[in-house]
Amino acid sequence: MALTLHPLHPVFAAEVGGVDLTQPVAPETIAAIEAAAAVHAVLVFRDQRITDDQQLDFSRGFGALEETRGTGISKPGEQRLHPAFADVSNLDINNTILARDNRRRLYSLGNMLWHSDSSFKAVPAKYSLLSGRVVADRGGDTEFADMRAAYDALDDATKAEVEDLVCEHSLIYSRETLGFDDLTEAERATMRPVRQRLVRTHPASGSKSLYLASHIGKMIGWPVPEARAFIRDLTEHATQRRFVYAHHWRPFDLVLWDNRTTMHRVRRYDATQVRDMRRTTVAGTAETAAQDAAA
Amino acid sequence: MPISIRPLHPRPDGLPFVGEVTGIDVSRPLTGDEVAAIEAGMDRHAVLVVRDQPLTDEQQCVFSRNFGELEVTLIGQMTRPEDRRLASIELGDISNLDPKGGLRARDDGRRMYALGNRLWHSDASFRAVGAGYSLLSARVVPGRGGNTEFADMRAAYDALDNATKAEIEDLVTEHSIAFSRAQLGFDNYGPGNEDKIRPVRHRLVRTHPVTGRKSLYLSAHIGGIIGWPVPEALGFIRDLTEHATQPDFVHAHVWRVNDLVIWDNRTTMHRARRYNDLRDVRDLRRTSIKGAGPTFAQVLAAAE
C-alpha cells in the first residue's frame with residue numbers, strides 16, 4: 001500500500017497513512033517518509049499500537065539513535081525504558097506517578113518551553129519519534145512551530161543580522177529559566193554549553209530555518225542580557241499562531257518531527273493522571289558550528 | 001474645548017482599551033473636572049494617549065501629582081547621584097543616555113539593567129504597594145523601533161475559562177526586580193541594594209478599586225507562586241503571560257515627540273520593543289503614582 005499524506009496545517013505537518021509500524025518497514029517506504037519529512041517537517045501516524053522494540057526498529061531506519069542516558073538527570077537503574085528511549089512520562093521505574101515536588105518532574109517541566117531536541121549536543125538530533133501510549137484526557141498537547149516559515153517571514157534586515165550569529169546552548173540555561181538549578185556538579189559537567197548557528201540550512205531541502213531553543217543562554221560576541229532579549233523576540237516571532245500546529249494526542253499516535261526545522265513544546269496537563277509517552281531520537285550527522293576548543 | 005476621548009483599539013467584545021485624549025493642555029493647571037474626566041477615561045480605557053504635549057520635567061511632575069503622590073524610582077534609589085542624568089529621582093530616566101548625554105556603550109551596566117523593560121511587566125510590582133498610573137513623556141524618539149506595547153489584563157482575565165479562573169482566584173505570587181533581571185542573566189545590583197531586591201507578595205487576581213473589574217496581575221518580576229514548586233509556578237506564569245499578551249489584547253504605541261501616555265499598572269502590562277539604541281537617541285521620562293494599597297496583606301506575610 002502506498003504512503004498517503006494529508007496536510008494538517010496551512011504551513012506544515014501532515015498525517016501519514018498506508019503504513020503499519022508493527023511490521024518491518026521497507027527501505028523504499030523509509031525513503032518516502034524521509035522525503036515527506038523534508039517537506040512537512042512533522043508527520044503524524046495514527047493508530048500505531050507498537051511495542052518498544054518496534055519503535056526502535058522503525059526509528060533505526062532513519063539512522064543511528066541517540067542514547068539518552070548521560071544527558072538528563074536520571075541515573076542508571078532508575079530508568080523505566082531501554083536507554084535509547086527518552087521517558088517522556090510522569091512515571092517512575094515502578095510505574096507510579098511522580099510526586100508534585102519530584103526532582104525529575106520539575107526538571108522535565110522544561111519541556112513546556114519551546115525547544116529543539118538535543119540542541120545542547122554538539123551534533124544535535126535529526127528526527128524525534130514520539131509514541132503516545134497513555135495520553136492525557138485534557139491538556140498535554142504537543143505544539144510544533146515551523147522554523148522555516150519563521151525564517152522566511154523575517155524582514156531582510158533581520159535576516160542579514162542573524163545570518164552568521166552563533167548561540168550557546170545548554171540544558172542548564174533552559175532549566176534556569178524555570179528556576180530549576182538543583183543540579184549536581186557531575187550533571188553540570190555533562191551539560192557544558194555547545195555552539196550552534198542561529199540560521200541553519202536543511203541538508204535535503206536546502207531551506208533555511210531559525211535554529212532556536214530555550215536551551216540558548218548566550219550569543220557569541222553579544223552581552224548576555226541583549227542576546228537573551230533578542231532570542232526572546234525571535235522566539236515570539238517564530239512561535240506566533242500561524243506557524244504553530246497543535247497536536248492533540250490520541251492513544252497510539254506516533255509523531256515524527258525534524259528537529260532541524262521545527263521547535264516543539266508540551267502544554268500543561270493534569271499531573272495526577274498518567275501520561276506515558278516514549279521518544280526515540282535519531283542522531284544528526286554534523287555540527288552546525290565549530291565548537292570552542294577551550295570549552 | 002472640552003476633553004474628548006476616542007478609542008484607539010476597538011475590540012469585538014466592545015470593552016474599550018486605549019483612548020486618545022484631545023482638548024487638553026497638560027502643561028497648565030487642570031480643573032477638578034478635567035482631572036475627573038481623565039480618571040474616568042483611565043478607568044474605562046486603562047491607557048490614554050495625549051499627543052503634542054511639550055513638557056518640562058517640572059510640568060510633568062506637577063501634572064502627575066493631580067493623580068496622587070509620586071513614586072521614587074528604584075533605579076534612582078540604586079544609583080549614586082553623580083551617576084544620574086536627571087536631577088529628581090521622581091523621574092524615571094527611560095533613555096539610552098549617560099549622565100553627560102552621550103549614548104551608553106553596548107556593555108554598559110545600566111543598559112543591561114534597562115533591557116529588562118523589554119519583558120512584559122507592571123511598574124513597581126516588585127514593591128509591596130505596586131504603582132497606580134505611570135506617565136511617560138517622549139522627548140526624543142528613535143527613527144525606527146522602540147514602540148511601547150500595552151496588554152489589557154482585564155480582557156486577559158475575562159477570556160480565561162472558568163476552571164482557570166477558579167484555579168488562580170486565590171493564588172499569591174512573589175515579585176522582585178531580581179527575578180526579571182535573572183531571566184536575562186543580569187544580577188549586578190551593586191552593594192547596599194539587597195533590601196531592594198527582596199521579594200514581595202501580590203495576589204494574581206486583583207480587583208480595580210473603582211470599576212470592580214478583575215484583572216490578572218502578571219509581571220516579569222514574578223519569581224514564584226506561594227505553595228507551588230518554583231519550576232511549576234514559572235511554567236504556569238509563562239503560559240498565563242502568553243495568554244494575556246496575545247495580539248487581541250495588545251496595543252502597540254508608536255511614539256511621536258511630545259506624546260504623553262498614561263497607563264494604569266493595576267490593569268495593564270507593558271514592554272518596550274527593540275530599537276537601534278547604539279545609534280539612535282530615545283529619551284523618555286516617566287513619572288509613576290503610588291498605588292493605594294497592597295494586593296496582599298503584607299503584614300500577614302511578614303508575620304510568617
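**View 1. Contacts and overall form of chain A.** In chain A, 81% of the contacts with a separation of 6 or more are made by residues 24 or more positions apart; a contact means that heavy atoms come within 4.5 Å. This is a predicted model, in which local features need pLDDT of at least 70 and side-chain atom pairs count only at pLDDT 80 or more, while totals for chains, interfaces and linings use all residues; side-chain values use heavy atoms, with hydrogens and water left out. Residues are numbered from 1 along each chain as its sequence is written, and chains are lettered from A and ligands numbered from 1 in the order in which they are written. Chain A has eight helices and 15 strands, where helices (H or I, at least four residues) and strands (E, at least two) are DSSP runs, numbered from the N terminus. The radius of gyration of chain A is 18 Å, close to the 19 Å that the globule rule gives for 295 residues, so chain A is as compact as a globular protein of that length. The radius is taken over C-alpha atoms, and the rule is 2.2 Å times the number of residues to the power 0.38. The C-alpha trace of chain A spans about 50 × 40 × 35 Å along its principal axes.

View 2. Of the 295 residues in chain A, 55% are buried. Buried means under 20% relative accessible area, exposed means over 50%, and partly exposed lies in between (1.4 Å probe, protein chains only). Chain A exposes about 12,100 Å², and carbon and sulfur atoms supply 52% of this area. Such areas come from the Shrake-Rupley method with a 1.4 Å probe, and for residues only the protein chains shown count as cover. There are 36 positive and 40 negative side chains in chain A, and the centres of the two sets lie 2 Å apart. Lys and Arg count as positive and Asp and Glu as negative, while His and the chain ends are not counted. A charge is placed at NZ of Lys, CZ of Arg, CG of Asp or CD of Glu.

**View 3. A:Ala13, with a positive phi.** A:Ala13 lies in the loop between β1 (4-7) and β2 (14-17) of chain A. Its phi is positive, about 75°, although A:Ala13 is not a glycine. A:Ala13 has a relative accessible area of 1% and is therefore buried.

**View 4. A:Ser118, with a positive phi.** A:Ser118 belongs to the loop between α3 (103-108) and β5 (125-134) of chain A. Its phi is near 60°, a positive value in a residue other than glycine. A:Ser118 counts as buried because its relative accessibility is 4%.

**View 5. A:Ala283 in strand β15.** A:Ala283 is part of strand β15 of chain A. With 24% relative accessibility, A:Ala283 counts as partly exposed. A:Lys126 is 157 residues away from A:Ala283 in sequence, yet their C-alpha atoms are 5.4 Å apart. When neighbours within four places in sequence are left aside, A:Ala283 is in contact with A:Ala64, A:Leu65, A:Glu66, A:Pro124 and A:Lys126.

**View 6. A:Ala286 after strand β15.** A:Ala286 is in the segment after β15 (276-283) of chain A. Its relative accessible area is 43%, so A:Ala286 is partly exposed. A:Ala122 is 164 residues from A:Ala286 along the chain, and 8.3 Å separates their C-alpha atoms. Apart from neighbours within four places in sequence, A:Ala286 is in contact with A:Val123 and A:Pro124.

**View 7. Overall form of chain B.** Chain B has nine helices and 15 strands. A compact globule of 304 residues would have a radius of gyration near 19 Å, and chain B, with 19 Å, agrees with this. The C-alpha trace of chain B spans about 50 × 45 × 35 Å along its principal axes. Buried residues make up 56% of chain B. The accessible surface of chain B is about 12,700 Å², and 53% of this surface belongs to carbon and sulfur atoms. Chain B carries 39 positive and 41 negative side chains, with the centres of the two sets 4 Å apart.

**View 8. B:Thr245 and its surroundings.** B:Thr245 sits in the loop between α8 (230-244) and β12 (250-253) of chain B. B:Thr245 is buried because its relative accessible area is 17%. The side chain of B:Thr245 reaches the backbone oxygen of B:Thr241 at 2.7 Å. Not counting residues up to four places away in sequence, B:Thr245 touches B:Trp120, B:Ala151, B:Val250 and B:Met269.

Definitions and conventions: A polar contact is a pair of N or O atoms within 3.5 Å; within protein, one must be able to donate a hydrogen and the other to accept it, and residues adjacent in sequence count only if both atoms are side-chain atoms.
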